[in-house]
Amino acid sequence: MESTESSYVSSPEGPRKHASPPHQSPSLEDSAEKPTYVRFLVSNSAAGSVIGKGGSTITDFQSQSGARIQLSRNHEFFPGTTDRIIMVSGGINEILRAVELILSKLLSELQSEDENDAEPKTKVRLIVPNGSCGGIIGKGGATIRSFIEESQAGIKISPQDNNYYGLNDRLVTLTGTLDEQMRAVDLIVSKLAEDPHYSQSMNSPFSYPAPYNAANYRPNGAAGGKFQNSKEDRSNSLTIGVADDHIGLVVGRGGRNIMDISQVSGARIKISDRGDYISGTTDRKVTITGSQRAIRTAESMIMQKVAYASERVLE
């Protein structure tokens, strides 16, 4: 499936058939055709059902909506998660139509597993650049409050994740029924489309930095970029920082988790001894060695464990 999936990372413009979107925004008729975009997270399995067999579903959704739909590759996750990124671009009404098709598809699969008749409240996590969050929040939180009232969806903006040096995006979680979520997406995307800086990040939707700007923390003091040697795949290595408190979860009982991560990713993983920290922090050094893909997979799996640990602390 990898070949089919990866072709959608830079899929050609979808056919521009204009459908009549159910969530037409009357106030936006002038700006409806200005190209903009929205990005949100989907699990790996959900990504498969959005793509469909041989890419049939994604092609159909592009054709029905007139929007362009792109997906990050199999192991390109949003930092700190194991979720892939979907980017939908086009005019606002085309985007709304495509998002509704995607969310309806995921919801129908969820409902077929759950026999409950009541329409479930689900979560959608949008990715919004930090600099554009102010527009959604508004003065003293006035805008976000009006969006919550108007859409009836729960809208929560995550704090910025400081584990990732240079990560400028935050997650905006929308909770509610499909209709409530779509009203919230409409309000948020319409607001973002007014921000001239928002459209600038349209061209690099899936590139994210590694934790702690790993170039500063080369093993053995070696200089250079994040990946030392692209010719010799085996010699790539990356060092990330993991809080001492969270190391246990990464290692697992009897080393089970770290062996699993190593086996699944194909990377070698070495953790510094207690007391051997990244300078100026109490974070242990976790050095991942292998091919670039193996490193990315292992890093993502480790950060998922760390995120889970942090969530448990917050709860």
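Which residue in β9 is the bridge partner of Ile240? In this predicted model, the partner of Ile240 in β9 is Val286.

Strand β7 covers residues 237-243, and strand β9 covers residues 283-289. The two strands pair in the antiparallel sense, with seven bridges between them. Six of the seven residues of β7 are buried, so this strand is largely enclosed by the rest of the structure.

Let's turn to two single residues, set side by side here:

| Residue | Element | Relative accessible area |
|---|---|---|
| Ile85 | strand β3 (residues 84-90) | 0% |
| Thr143 | helix α6 (residues 142-151) | 17% |

Ile85 is buried, because its relative accessible area of 0% lies under the 20% cut-off.

Setting aside the neighbours within four places in sequence, you will find Thr143 in contact with Gly135, Ile136, Ile137, Gly138 and Lys191.

Finally, have a look at helix α3, which spans residues 56-65. The buried residues in α3 include Thr57, Ile58 and Phe61, and Gln62, Ser63 and Ser65 are buried there as well. Just after this helix comes Gly66, whose phi is positive, at about 85°.

Conventions. Residues numbered from 1 in each chain as written. Predicted model: local features only at pLDDT ≥ 70, side-chain atom pairs only at ≥ 80, totals over all residues. Heavy atoms only, no water. Helix = DSSP H or I, 4+ residues; strand = E, 2+ residues; numbered from the N terminus. Buried < 20%, exposed > 50% of the residue type's maximum accessible area, 1.4 Å probe, protein only. Contact = heavy atoms within 4.5 Å. Pairing = 2+ DSSP bridges.
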